[in-house]
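Open the model in your viewer and get ready to select residues by number. We will go stop by stop.

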Amino acid sequence: MTNFSSVIVEAAGEERILNVRPDPPDMRDRMYEPALVQLRSKLDNRALGNPLNQGKEGACTGFGLAAVINILNKSRNNAFQASPRMLYEMAQRNDRWPGQDYSGSSCRGAIQGWKNMGVCSEEDWPYEANTPGHLTVERAWKLRLQKK
């Protein structure tokens, strides 16, 4: 693995760490082949969901995938809100770089985690910064019973 350095920038009045690593090549990847169709001149999905804020934790893969899931659900009139914490934890479990000194994970790890484990709601596993955890079926049922 090559040395990798982070860059710190200020955005929206907060310091952000830019430390994204590219996924390694994978023989299963396919080249993007766009369809030969006319695209809309303007696309505005802001009404489908509010931006999610990961704060200073390197949980962008969980938040990015949660935003996509939320937009897809809202476009189908489904109020389900995906748990960024679960998606981030599953991404780290499926990450190709375990044990390295960095926070974050890969997009490939996030998609694999979603494919293999699905996603629970933000209500069942809420996001608390820098507080990784585990969600068991027993804990999920207890949370649901407490809310009734």
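At what angle do helix H2 (residues 84-93) and H3 pack? Keep in mind that this is a predicted model.

**Stop 1: H2 and H3**

Select residues 84-93 for H2. H2 and H3 pack at an angle of about 105°, and their axes are 7 Å apart. Angles of 65 to 115 degrees count as roughly perpendicular, so that is the word for H2 and H3.

Now show the side chains at the contact. On H2, pick Met86, Leu87, Met90 and Ala91. On H3, pick Gly109, Ala110, Gly113, Trp114 and Met117. Colour the contact of H2 with H3 by class: 7 residues are nonpolar, 2 are polar and none is charged.

**Stop 2: H1 and H3**

Which residues of H1 and H3 make the contact? H1 brings Thr61, Leu65 and Ile69. H3 brings Cys107, Ala110, Ile111 and Trp114. In this contact of H1 with H3, 6 residues are nonpolar, 1 is polar and none is charged.

Look back for a moment. Ala110 and Trp114 of H3 are in the contact with H1, and Ala110 and Trp114 are also in the contact with H2.

**Stop 3: H1 and H2**

H1 and H2 pack at an angle of about 130°, with 7 Å between their axes. This pair is therefore oblique too. The crossing of H1 and H2 is right-handed.

Select Thr61, Gly62, Phe63, Leu65, Ala66 and Ile69 on H1. The contact of H1 with H2 has 8 nonpolar residues, 2 polar ones and no charged ones.

**Stop 4: a pocket**

What is the volume of the second largest pocket? The value is about 180 Å³.

To find this pocket, select its lining: Asn45, Leu48, Gly49, Asn50, Pro51, Leu52, Ala67, Asn70, Ile71, Lys74 and Gln81. How do the residues of this lining divide by class? There are 5 nonpolar, 5 polar and 1 charged. Click on Lys74 to see a charged residue in the lining.

Methods:
Residues numbered from 1 in each chain as written. Predicted model: local features only at pLDDT ≥ 70, side-chain atom pairs only at ≥ 80, totals over all residues. Heavy atoms only, no water. Contact = heavy atoms within 4.5 Å. Helix = DSSP H or I, 4+ residues; strand = E, 2+ residues; numbered from the N terminus. 1 Å grid on protein atoms, 1.4 Å probe; cavity = no way out; pocket = protein on both sides within 12 Å on 5 of 7 lines; lining within 4 Å. Points joined across faces, edges and corners; volume = space filled by probe spheres on them. Axes fitted to C-alpha atoms, helices over the stretch in contact; angles between N-to-C directions. Parallel < 35°, antiparallel > 145°, perpendicular 65-115°, else oblique. Left-handed = near helix turned anticlockwise from the far one by under 90°.
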